Amino acid sequence: MTNISGKIKELVKTAKKEVAVGDLERLEKLRVKFLGRKSELTKILKSLKDLSVEEKKKIGPVANEARIKINELIETKKEELLAEIDRQKNWIDVTAPGKKKYLGKLNLISQVQREIEEIFTKMGFEIADGPEIEDEWHNFSALNVPKDHPARDMQDTFWLESGNSQDEAEHNERKTFLPRTHTSNAQIRYMETHQPPFKIIVPGRCFRNEASDSTHEHTFHQFEALVVGDDISVANFKDIAQKFFAKFFGIEDLKVRLRPSYFPFTEPSFEFDISCTVCGGDGCKACKGGGWLEIGGAGMVNQRVFEASGYSKDKYQGFAWGFGLERLAMMKYQVDDIRLFADGDLRFVRQF
Ligand code: PHE
């Protein structure tokens with residue numbers, strides 16, 4: 001019968017080894033394995049009844065002790081594991097990197113819009129607004145862009161369905177609607193209800209029916225500027241524009257230049273450039289070696305636009321421009337694809 005005692009001792013030894021490396025889940029399995037109904041030890045205990053009284057006396061206590069011992073091993077290990085879990089829960093690793101909580105924030109375009117508004121407010125400008133859904137008169141005709149004039153094709157338009165007559169003679173421009181193609185509609189809207197002198201900027205969303213690529217979007221933002229008074233000149237325009245861009249880009253000696261261009265609502269009209277914000281004008285990749293960056297269109301307000309707004313002809317002078325907000329944001333924050341602004345990718349949004 002000594003081999004039974006030996007077997008029992010062997011069982012305790014194995015149990016000790018296995019319990020030592022067990023986790024909580026494994027411990028329950030080991031309990032079944034060593035103490036369960038089908039376990040080796042239970043089998044031995046059951047077979048005791050077939051033994052002689054003397055043998056029973058010898059093996060019985062050994063088997064019982066083994067059962068108590070194995071149970072103890074499992075219980076102790078379990079307590080250790082639970083204590084460890086508890087310890088880890090309450091333990092603060094002061095060297096661990098902090099968990100960053102993300103706060104909601106403004107889209108980069110809104111941030112840039114506010115920067116621009118702040119600079120202009122400080123220069124005495126008023127921030128004005130205009131409707132995003134506009135009629136044909138305010139978006140085009142009042143701005144001296146007549147129907148069937150090739151200049152209409154400069155801006156691909158999303159026309160909205162309206163109950164308006166298809167018949168040319170009955171066509172009513174004020175009942176034909178479109179998502180505005182530029183913020184210039186706000187020039188007319190503002191002048192209809194205000195008298196000069198005034199200085200305004202109008203930031204806002206515009207829409208054009210064109211395929212998008214890294215520099216074009218069907219929905220984008222512009223900010224219009226309109227300054228009107230008795231003797232506003234191109235020199236005023238250059239000066240204000242220089243001051244704004246110098247401040248916006250943080251480059252004091254930033255230079256501006258005008259190139260002749262054409263817009264129906266300005267005469268004369270310009271394309272407006274600034275010295276490269278990366279190289280300062282020496283020529284680099286950003287300005288394709290030219291030293292200048294194109295910003296947008298501008299010019300002296302065409303007298304026909306004043307007339308359409310209800311002012312008398314040749315009474316006032318003013319300048320206007322319409323610059324793209326995304327373009328400025330892309331230049332300032334080195335964004336290389338305009339589509340990133342609106343596609344909601346948090347990896348992009350959280351960078352700014
Ligand atoms: N509205 C013009 C555009 O969107 C820009 C512009 C505005 C040009 C004001 C001159 C004056 O292209």
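The structure contains 20 salt bridges, a salt bridge being a side-chain nitrogen of Lys or Arg within 4 Å of a carboxyl oxygen of Asp or Glu. The model is predicted, so that local features require pLDDT of at least 70 and side-chain atom pairs are counted only at pLDDT 80 or more, while totals for chains, interfaces and linings use all residues. Residues are numbered from 1 along each chain as its sequence is written, and side-chain values use heavy atoms, with hydrogens and water left out.

Side chains of opposite charge can pair when their charged atoms come close. Helices (H or I, at least four residues) and strands (E, at least two) are DSSP runs numbered from the N terminus. Glu28 is partly exposed at a relative accessible area of 34%, and Lys78 is likewise partly exposed at 28%. Here buried means under 20% relative accessible area, exposed means over 50%, and partly exposed lies in between (1.4 Å probe, protein chains only). Glu28 and Lys78 also belong to a network of salt bridges that includes Arg31 and Glu75.

A salt bridge also joins the side chains of Arg205 and Glu132, at 3.1 Å from N to O. Arg205 is in strand S4 (residues 198–207) and Glu132 is in the loop between S1 and strand S2 (133–135), so the pair ties together parts that are 73 residues apart in sequence. Arg205 is partly exposed, at 35%, and Glu132 is partly exposed, at 29% relative accessibility. In the salt bridge between Asp337 and Arg339, the closest N and O atoms are 2.8 Å apart. Asp337 is buried, with a relative accessible area of 17%, whereas Arg339 is partly exposed at 33%.

Seven strands form an open sheet of mixed pairing in the order S1-S4-S5-S9-S8-S7-S6, two strands being paired if DSSP finds at least two bridges between them. Strand S1 (126–127) and strand S6 (256–263) are at the edges with a single partner strand each, so one side of each has no neighbour in the sheet. S6 pairs with strand S7 (residues 266–275) in the antiparallel sense over seven bridges. Leu258 has Phe272 in S7 as its bridge partner.

The ligand is surrounded by 15 residues, the closest being His182, Ser184, Arg208, Gln222 and Gly322; a residue is near a molecule or strand if one of its heavy atoms lies within 4 Å of it. Strands S5 (219–229), S8 (292–301) and S9 (317–324) each supply at least two residues of this shell, and S9 gives the most, with three. The shell comprises five nonpolar, eight polar and two charged residues. In this division Ala, Val, Leu, Ile, Met, Phe, Trp, Tyr, Cys and Pro count as nonpolar, Asp, Glu, Lys and Arg as charged, and the others, Gly among them, as polar.

A side-chain N or O atom of His182 is 2.9 Å from a nitrogen atom of the ligand. An oxygen atom of the ligand lies 2.9 Å from an N or O atom in the side chain of Arg208, and a polar side-chain atom of Gln222 is 2.9 Å from an oxygen atom of the ligand. The ligand taken alone exposes 320 Å², of which the protein buries 93%; accessible areas come from the Shrake-Rupley method with a 1.4 Å probe, and for residues only the protein chains shown count as cover.

Definitions and conventions:
Polar contact = N/O pair within 3.5 Å; in protein donor to acceptor, adjacent residues only side chain to side chain.
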